[in-house]
Amino acid sequence: MTRRRTWGALALAGVLAAGGCGIPDRVVGLRAAPTVPSDPAILTATAARQVSQRALDRASEAMTGPDADEAARKSALLGPALRLAEVKDKFVAEGRTNALTLPPAVTLLGVSRGPGWPRYLLATAQAEDVQSLYVFVQTDATTPFKLQTTVPMEPGASIPAMPLLT
Amino acid sequence: MLLIKRLLGALLLAAGLALVVVGGWFAAFLGSNGTARFAVPPTGSTPVLLEPAILNRTAHPVRVTVTPKAGSTATIAIGAPSDAAAVIGDHAVAVVTGVDVRAKSATLTRRGSASGLDLGLVDVWRTTRSVSAPTTVVVDQADAPQTMIIQPGSGADLGALTLTWSDPAWFREALVAIGVGVILVLAGARTILPRRRRHRAPTTAGDGINQGTVVA
């Protein structure tokens with residue numbers, strides 16, 4: 001009987017000594033941090049909406065500001081939108097009063113996916129009874145999104161359905 | 001055999017005492033709601049970086065409480081780890097690498113050397129906010145992995161920063177450790193301490209049985 005108890009105590013002591021390894025992680029519930037999905041949406045819908053609205057505000061100021069303010073234009077515009085802003089006699093779409101009328105609200109249509117740059121946002125908005133598409137581009141991590149293209153839509157024009165944003 | 005038995009008893013006693021002490025310390029530290037709170041050591045004006053290895057190591061949400069110094073602000077930004085790394089580049093940051101449970105504080109390491117990081121001008125964050133009063137941000141695990149960076153206002157130091165995890169099960173586990181420890185202490189003590197032997201009065205065969213049966 002005594003020998004059985006001794007072996008039992010020995011087994012218990014062994015389990016305690018050996019089981020100490022790794023117990024804290026399991027007790028606390030530690031795990032490896034999850035990995036990044038291969039092609040995550042670059043921004044959440046809420047963040048993308050805020051970014052596109054902010055970029056459009058900056059673009060509107062740059063497009064309608066003084067011609068001499070080149071730095072402001074380059075900080076807010078890119079590509080065709082920048083070239084349009086740099087001409088003295090700016091193109092004004094039919095039905096509009098200036099080159100870029102700031103719409104009251106922007107509807108986000110899509111964001112690009114994946115961790116790399118450049119990144120794109122596609123939005124639409126109605127200003128002065130003209131529905132337009134806006135393409136915003138971010139060239140690298142530390143540069144804000146800039147307006148690249150504005151496209152007025154003809155009556156009846158449509159764009160393909162895009163994945164739902166979350 | 002007796003020596004081995006006593007040695008095992010001593011081991012059980014020591015293990016039991018250790019469990020009681022550790023379990024008691026954790027029960028007192030965690031409280032009945034199982035809350036573990038760790039203070040981040042002062043980093044001056046250097047931004048503090050919390051990476052997925054800290055924010056997303058458990059299934060529980062992390063509560064990050066930022067207290068800017070009086071009269072100053074702090075910017076809190078949360079984004080994808082790769083985006084945060086691209087923005088931070090070689091800028092100087094204090095990275096939280098873990099927690100020192102006994103000291104109830106987070107451990108830090110310094111990384112990068114460049115200055116002039118401006119989080120507000122960047123369009124990669126999922127959320128960003130500027131705060132001027134103590135603010136608690138709850139980092140949920142549904143959006144893991146994610147990186148958080150806390151930057152004090154220009155020229156100011158960050159007042160205080162704490163990280164909090166909660167799980168009532170941790171308190172129950174501390175109580176279980178105390179209970180198991182007490183059992184081990186009792187078992188060890190029983191094995192070590194000499195048992196009291198019961199002295200029985202010597203009996204003589206036939207005593208009392210034959211009384212009165214002697215035939216004269």
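## A residue in strand 8 of chain B

B:V137 is partly exposed, with 16 other C-beta atoms within 10 Å. A residue counts as partly exposed when that number falls between the limits for exposed, 12 or fewer, and buried, 20 or more. This is a predicted model, and every value in this report is computed from it.

B:V137 belongs to strand 8 of chain B. Apart from its neighbours within four places in sequence, B:V137 is in contact with B:V64 and B:I76. B:F171 lies 34 residues from B:V137 along the chain, and the C-alpha atoms of the two are separated by 24 Å.

## The make-up of chain B

Chain B has four helices and 10 strands. From the N terminus on, these elements come in the order α-β-β-α-β-β-α-β-β-β-β-β-β-α. Chain B contains 216 residues, and 33% of them are buried. Taking the contacts in chain B between residues at least 6 apart in sequence, 85% join residues at least 24 apart.

The domain assignment divides chain B into domain 1 (2-27 + 170-192) and domain 2 (36-165). Taken over C-alpha atoms, the centres of domain 1 of chain B and domain 2 of chain B are separated by 40 Å.

## Helix 1 and helix 4 of chain B

Two packed helices are described by the angle between their axes and the distance between the axes. For helix 1 of chain B and helix 4 of chain B, the angle is about 155° and the axes are 7 Å apart. Angles over 145 degrees count as roughly antiparallel. Helix 1 of chain B and helix 4 of chain B are therefore roughly antiparallel to each other.

The crossing of helix 1 of chain B and helix 4 of chain B is left-handed. In the contact of helix 1 of chain B with helix 4 of chain B, the residues divide into 25 nonpolar, seven polar and two charged.

## The make-up of chain A

Chain A has five helices and four strands. Read along the sequence, its pattern is α-α-α-α-α-β-β-β-β. Chain A has 166 residues, of which 23% count as buried. Among the contacts in chain A with a separation of 6 or more, residues 24 or more positions apart account for 49%.

## Where the chains touch

How many residues of chain B are in contact with chain A? On the side of chain B there are 29 such residues, and they are in contact with 25 residues of chain A. Four helices of chain B each supply at least two residues of the side that touches chain A: helix 1 (2-30), helix 2 (52-55), helix 3 (81-88) and helix 4 (168-192). Helix 1 of chain B gives the most, with six residues.

By class, the side of chain B that touches chain A has 18 nonpolar, five polar and six charged residues.

## Cis peptide bonds

Chain A has a cis peptide bond joining A:W117 and A:P118, with omega about 5°. A:P118 is found in the loop between strand 1 (107-111) and strand 2 (119-127) of chain A.

In chain B, the peptide bond from B:A144 to B:P145 is cis, and its omega is near -5°. B:P145 sits in the loop between strand 8 (135-139) and strand 9 (147-152) of chain B. Strand 8 of chain B is also the place of B:V137.

## Positive phi angles outside glycine

A:D129 is a residue other than glycine with a positive phi, near 65°. Its place is the loop between strand 2 and strand 3 (130-138) of chain A. Is A:D129 buried or exposed? A:D129 has 7 other C-beta atoms within 10 Å, so A:D129 is exposed.

B:K104 is not a glycine either, and has a positive phi of about 55°. The loop between strand 5 (93-100) and strand 6 (105-111) of chain B holds B:K104. With 13 other C-beta atoms within 10 Å, B:K104 is partly exposed.

Methods: Residues are numbered from 1 along each chain as its sequence is written. Chains are lettered from A and ligands numbered from 1 in the order in which they are written. This is a predicted model: local features need pLDDT of at least 70, side-chain atom pairs count only at pLDDT 80 or more; totals for chains, interfaces and linings use all residues. Two residues are in contact if their C-beta atoms, placed from the backbone, lie within 7 Å. Ala, Val, Leu, Ile, Met, Phe, Trp, Tyr, Cys and Pro count as nonpolar, Asp, Glu, Lys and Arg as charged, and the others, Gly among them, as polar. Axes are lines fitted to C-alpha atoms, for helices over the stretch in contact, and angles run from 0 to 180 degrees between N-to-C directions. Angles under 35 degrees count as roughly parallel, over 145 as roughly antiparallel, 65 to 115 as roughly perpendicular and the rest as oblique. A crossing is left-handed if the near helix is turned anticlockwise from the far one by less than a right angle, and right-handed if clockwise. Domain bounds come from an automatic or database domain assignment.
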